[in-house]
Amino acid sequence: MNHGRTTGKGPSTPMQIYQQPPRLLIVHITLPSWANICSNLCEALQNFFSLACSLMGPSRMSLFSLYIIQNQHECILPFVQVKGNFARLQACISELRMLQREGCFRPQSTSLQLAVTDGLQQFKQYSRHMTTGAALSYTSLEITVLTSQPGKKVVKQLEEGLKDTDLGRVRRLQVVEITKGVLECMDSASPAEEPSNDESSTLGTDFDLQTIDNDIVSMEIFFKAWLHNSGTDQEYIHLLLPSRCLSNISRARDNSMCLKCDLQERLLSPSLLPGTADGSLRMDDPKGDFSTLYQMASQSSASPYKLRVVKALQSSGICESLTYGLPFILRPTSCWQLDWDELETNQQHFHALCHCLLKREWLLLAKGEPLSRGHGQREPASTFYVIMPSRSPTLLVKAVATRELMLPGPFPVLPEDLLDDSLKTMESLLDGLELEPTYNPLQVWSHLYSHLSSTFFKPQGRPHHGWESRTLRKPGQLQTNRVRATVAPLPVTPAPNRVPKMSATSKASTEVLFQPSREKEEEEEEGYPSGL
């Protein structure tokens with residue numbers, strides 16, 4: 001399978017940190033488990049796309065398509081651009097909510113492989129209709145199959161059914177089994193950590209298997225991973241360690257050890273979202289805080305951004321008020337252009353560094369590579385960062401203040417001769433608070449999803465959609481007013497002894513290609529805002 005590797009090197013251009021591959025989601029529906037999954041899945045998708053469609057700056061998701069499998073495979077959303085298409089995405093999710101939850105049906109044994117094949121063919125067709133520049137961004141596709149059936153069984157079914165299929169344009173094919181478990185991390189001591197990979201495995205070389213719990217938060221976390229950078233064309237950060245003891249400043253730049261790292265966000269900046277409390281802090285930069293390491297790395301040339309370690313610090317020797325900006329995570333790189341021996345050695349050194357820092361209770365002070373040299377300056381301005389180890393094989397990076405940024409602030413010693421009445425009053429108030437051992441962000445709601453969803457609707461009210469007055473569809477029943485595909489799908493090999501049933505998407509695809517005015521009129525009749 002193609003994992004996004006390219007052979008040639010083009011001119012030096014800024015790194016595409018936010019670039020994500022197109023994604024095809026296939027929902028493999030089985031009864032009666034669908035009745036327990038439907039609400040959680042639809043709510044998680046609604047929340048995720050309200051966030052993904054609202055993020056300012058470069059688009060983190062390019063194309064998205066959704067298929068369902070009941071009696072047969074069916075496309076309920078052809079490939080569309082995620083950004084600017086929340087209305088269509090929400091219509092698709094509402095369509096998903098209306099699917100049958102009770103009764104029985106017998107999916108065809110080939111329905112899953114046909115959904116993969118049809119989605120891949122439509123992706124190829126879509127790419128052919130793009131301009132040259134845009135087509136370069138759509139070179140490979142990631143396919144995710146959500147199922148309540150045993151994951152290993154589905155993987156074997158796909159392996160057998162797709163063994164003769166050309167998957168050269170598929171970057172990754174992932175089977176996600178939805179289990180009946182309850183989200184344990186809601187009450188865990190480390191709630192914000194990424195989902196454990198203990199339940200994940202790789203079967204063969206082409207198919208990934210993962211399990212997630214059947215609850216909204218677990219599904220949200222899974223979908224939010226789509227917002228992470230997943231490129232492996234090159235590493236993003238070079239962490240340079242001096243050859244001498246870490247507690248000393250090394251000015252020698254010849255004998256540094258280089259750890260090659262990938263960069264990952266820890267959380268989304270509120271400045272990237274419209275109408276949030278921190279929206280005024282964007283400083284006219286649509287990509288958020290200009291001082292963040294992520295921003296600097298994306299502005300650098302094709303060469304990785306460099307962090308040069310200059311000193312070690314005691315873990316208790318830095319005041320939290322001196323760090324600023326959003327934290328970022330460093331991981332050992334998975335860049336495919338490095339050979340396996342170099343990747344393995346780099347990973348071992350990275351893990352050893354984390355272990356040693358934890359054992360010594362040290363932090364690292366690093367100097368960032370200057371982005372530009374001012375006119376007539378002998379030494380360009382630099383940004384400094386503090387690097388913190390963790391129990392996981394990652395390093396946390398935060399920008400730290402320098403002398404030029406500091407403002408005077410008197411901090412007198414706290415007086416000890418306080419009035420007993422004041423102490424008793426405060427003690428009484430504090431005793432009335434519920435005490436938690438840790439802060440769990442998964443248990444704190446800010447109503448951001450509903451706020452973001454509301455920003456996509458015009459003041460005159462929600463547009464009327466046909467699904468609001470429809471009853472539940474029978475299995476296999478297709479709708480004639482479904483959103484039209486933007487490209488004509490290639491022929492799909494029919495299942496043995498079965499005539500393929502053409503969906504509304506396929507029937508009207510040629511009308512889309514040659515009658516754009518009619519498509520626009522029909523969309524407006526269905527309630528879609530024009531231009532979406």
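Predicted model: local features only at pLDDT ≥ 70, side-chain atom pairs only at ≥ 80, totals over all residues.

Modeller: Residues are numbered from 1 along each chain as its sequence is written, and side-chain values use heavy atoms, with hydrogens and water left out.

Colleague: How many helices and strands does the protein chain have?

Modeller: Helices (H or I, at least four residues) and strands (E, at least two) are taken as DSSP runs and numbered from the N terminus. Counted in that way, the protein chain has 13 helices and 14 strands.

Colleague: What percentage of the residues of the protein chain count as buried?

Modeller: A residue is buried under 20% relative accessible area, exposed over 50% and partly exposed in between, using a 1.4 Å probe and protein chains only. Of the 532 residues of the protein chain, the share that counts as buried is 45%.

Colleague: What share of the contacts with a separation of 6 or more comes from residues 24 or more positions apart?

Modeller: A contact here means heavy atoms within 4.5 Å. Among contacts in the protein chain with a separation of 6 or more, residues 24 or more positions apart account for 79%.

Colleague: How are α1 and α6 oriented to each other?

Modeller: Two packed helices are described by the angle between their axes and the distance between the axes. The axes are lines fitted to C-alpha atoms, for helices over the stretch in contact, with angles from 0 to 180 degrees between N-to-C directions. α1 and α6 pack at an angle of about 40°, with their axes 9 Å apart. Angles under 35 degrees count as roughly parallel, over 145 as roughly antiparallel, 65 to 115 as roughly perpendicular and the rest as oblique, and therefore α1 is, relative to α6, oblique.

Colleague: How many charged residues does the contact of α1 with α6 have?

Modeller: On the α1 side the meeting residues include Ile37, Asn40, Glu43 and Phe48, and on the α6 side Ile216, Met219, Glu220, Phe223 and Lys224. For the classes, Ala, Val, Leu, Ile, Met, Phe, Trp, Tyr, Cys and Pro count as nonpolar, Asp, Glu, Lys and Arg as charged, and the others, Gly among them, as polar. The contact of α1 with α6 has nine nonpolar residues and two polar ones, and its charged residues number three.

Colleague: Which residue caps the N-terminal end of α6?

Modeller: Helix α6 covers residues 216-224, and its buried residues are Val217, Ser218, Met219, Glu220, Phe222 and Phe223. What covers them includes β1, α1, β4, β5, β7 and α10. At the N-terminal end of α6, a side-chain oxygen lies 3.2 Å from the backbone nitrogen of Val217, and the residue that provides this cap is Asp215.

Colleague: With which side chain does the side chain of Asn40 make a polar contact?

Modeller: Asn40 lies in helix α1 and is buried, with a relative accessible area of 19%. A polar contact is a pair of N or O atoms within 3.5 Å; within protein, one must be able to donate a hydrogen and the other to accept it, and residues adjacent in sequence count only if both atoms are side-chain atoms. At 3.2 Å, the partner of the Asn40 side chain is the side chain of Asn214.

Colleague: How far apart in space are Val116 and Leu158, C-alpha to C-alpha?

Modeller: Val116 is in helix α3 and counts as buried at 1% relative accessibility. Leaving aside neighbours within four places in sequence, Val116 is in contact with Ile26, Ile143, Leu158, Leu162 and Leu173. Val116 and Leu158 are 42 residues apart in sequence, and their C-alpha separation in space is 9.0 Å.

Colleague: Is Ser65 buried or exposed?

Modeller: Ser65 is placed in strand β2, residues 63-69, and a polar atom of its side chain lies 2.7 Å from the backbone oxygen of Leu77. With a relative accessible area of 1%, Ser65 is buried.

Colleague: Is His447 buried or exposed?

Modeller: His447 is found in the loop between α9 and α10 and has a positive phi of about 60° although it is not a glycine. Most residues other than glycine have a negative phi. With a relative accessible area of 61%, His447 is exposed.
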